[in-house]
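Morning, everyone. Please bring up the model on your screens. I'll walk through its cavities, then its surface, then its backbone.

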Amino acid sequence: MTMKAQIKGCGETIDWIADADHAAGDVVQLHDGRAAVVTVKVASGDTVAVWVEGLFLMQATTSMVILMGSRLFWDYSAGSVSLLHGNDRDFFVGCAQPGGSSHTPGTVSAGVSGPTIAKTSAGTDVMVALKVKASNELSLGSGFATVPVYTAGINIGAFGTGEGVNLIKDATAEAQKVDALSFRAMAIGAKMIVDALICVNSDGNAASDTNVGLANGTHATDADSIAEHLFVHLDGGSTAIKMQSKDGTTTVTAADTTVVYVAGTPFLVQFDCSDLTDIQAYINGVNVLASSVFKLNAATGPLKLLAHSERSGTGTLSNHSILSLVARPAQV
């Protein structure tokens with residue numbers, strides 16, 4: 001039987017009383033919530049050394065492309081690494097690193113291989129730095145500016161949620177806007193990977209738009225008018241997930257990924273901006289719109305994280321949870 005996790009770099013061990021029978025390489029969760037890897041076969045109730053840090057080659061969910069630095073979770077029921085935290089006994093396990101069997105350094109090509117891809121869709125394993133989180137240079141958790149727009153209604157505004165924000169507009173029939181623009185920015189030359197974990201709780205009506213991603217500023221009424229941006233775009237009254245970009249030279253209007261969201265279920269959008277002439281996009285680890293050439297190479301920046309929800313005059317409640325919006329350097 002293939003080990004679920006194989007030690008590939010030096011690690012620290014501690015003693016642990018096994019909660020069940022385990023084989024060497026099993027990934028377990030300690031009583032304090034930390035992920036650990038069992039060193040040798042052990043029976044329930046016996047004491048065994050477990051690794052609590054180090055580099056491990058772990059079995060991973062097939063069909064998912066995993067980008068470098070991605071936050072990874074142990075899928076308890078599947079017994080493998082996943083980009084998503086399910087409603088099971090899943091737990092945070094670490095950060096994606098180079099060295100998996102399907103990691104091939106080289107030119108990025110539509111989610112197939114490249115220096116920013118730790119695991120291809122066909123890959124069966126990924127290198128994991130146990131318990132390590134990527135160093136995110138941009139995060140809404142580091143602070144953001146918000147300038148809500150409303151008149152008679154009560155625009156509930158943007159409330160921070162750790163690395164993210166809640167964007168809520170009430171049901172008053174009036175133009176409203178709520179946004180969160182990160183204080184920190186990155187220069188265009190700082191190639192990056194952007195992660196956005198989004199949950200649509202209620203989407204409003206056709207007069208509403210919500211955009212999440214990168215921009216060089218914000219706008220009082222229309223995020224599409226922002227001169228430089230890279231967004232996942234959601235239309236009110238539709239579950240379609242769309243994407244768009246504008247850099248002052250090339251504009252890609254909102255293109256349908258053919259992926260739809262389920263209300264109340266988070267979905268992960270990732271933008272690989274290591275090649276600003278051909279930005280690749282992923283939803284839940286699947287490369288989407290690979291032939292739609294999103295660009296930021298003509299932008300002047302600097303670029304900030306932006307979560308933006310707007311509505312013209314008609315009134316329907318909308319509530320979007322941007323659970324996490326972060327960006328990290330993509331060293332290529």
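First, a definition of residue classes. Ala, Val, Leu, Ile, Met, Phe, Trp, Tyr, Cys and Pro count as nonpolar, Asp, Glu, Lys and Arg as charged, and the others, Gly among them, as polar.

Now the ground rules. This is a predicted model, where local features need pLDDT of at least 70, side-chain atom pairs count only at pLDDT 80 or more, and totals for chains, interfaces and linings use all residues. Residues are numbered from 1 along each chain as its sequence is written, and side-chain values use heavy atoms, with hydrogens and water left out.

Cavities next. On a 1 Å grid over the protein atoms alone, a cavity is a set of points where a 1.4 Å probe fits but cannot get out; lining residues have an atom within 4 Å of a point. Points are joined across faces, edges and corners, and the volume is the space filled by probe spheres set on them.

How many cavities of 30 Å³ or more are there? Two.

The largest cavity holds about 40 Å³ of space. Its lining is D203, S208, D209, T210, L234, D235, G236, S238, Y261 and H320. Two elements give two or more residues each to that lining: β19 (208–215) and β20 (229–235). Strands here are DSSP runs of E, at least two residues, numbered from the N terminus. β19 gives the most, three residues. By class, the lining has two nonpolar, five polar and three charged residues.

The second largest cavity has about 30 Å³. Around it sit A187, I188, M192, L214, C273, L276, L296 and L303. Which classes are in this lining? Eight nonpolar, no polar, no charged.

Out to the surface. I154, I156 and F159 form a nonpolar patch, with about 320 Å² of accessible area together. Such a patch takes residues with over 30% relative accessible area and no salt bridge, their nonpolar side chains (Val, Leu, Ile, Met, Phe, Trp, Tyr) joined within 5 Å. A salt bridge is a side-chain nitrogen of Lys or Arg within 4 Å of a carboxyl oxygen of Asp or Glu. Areas come from the Shrake-Rupley method with a 1.4 Å probe, and only the protein chains shown count as cover. F159 belongs to strand β15 (residues 157–161).

Last, the backbone. From G301 to P302 the peptide bond is cis, omega near -5°. P302 sits in the loop between β25 (286–288) and β26 (304–311). L289 is also in the loop between β25 and β26. L289 is not a glycine, yet its phi is positive, near 50°.

How values were computed:
1 Å grid on protein atoms, 1.4 Å probe; cavity = no way out; pocket = protein on both sides within 12 Å on 5 of 7 lines; lining within 4 Å. Helix = DSSP H or I, 4+ residues; strand = E, 2+ residues; numbered from the N terminus. Patch = residues over 30% accessible without salt bridge, like charges linked within 9 Å, V, L, I, M, F, W, Y side chains within 5 Å.
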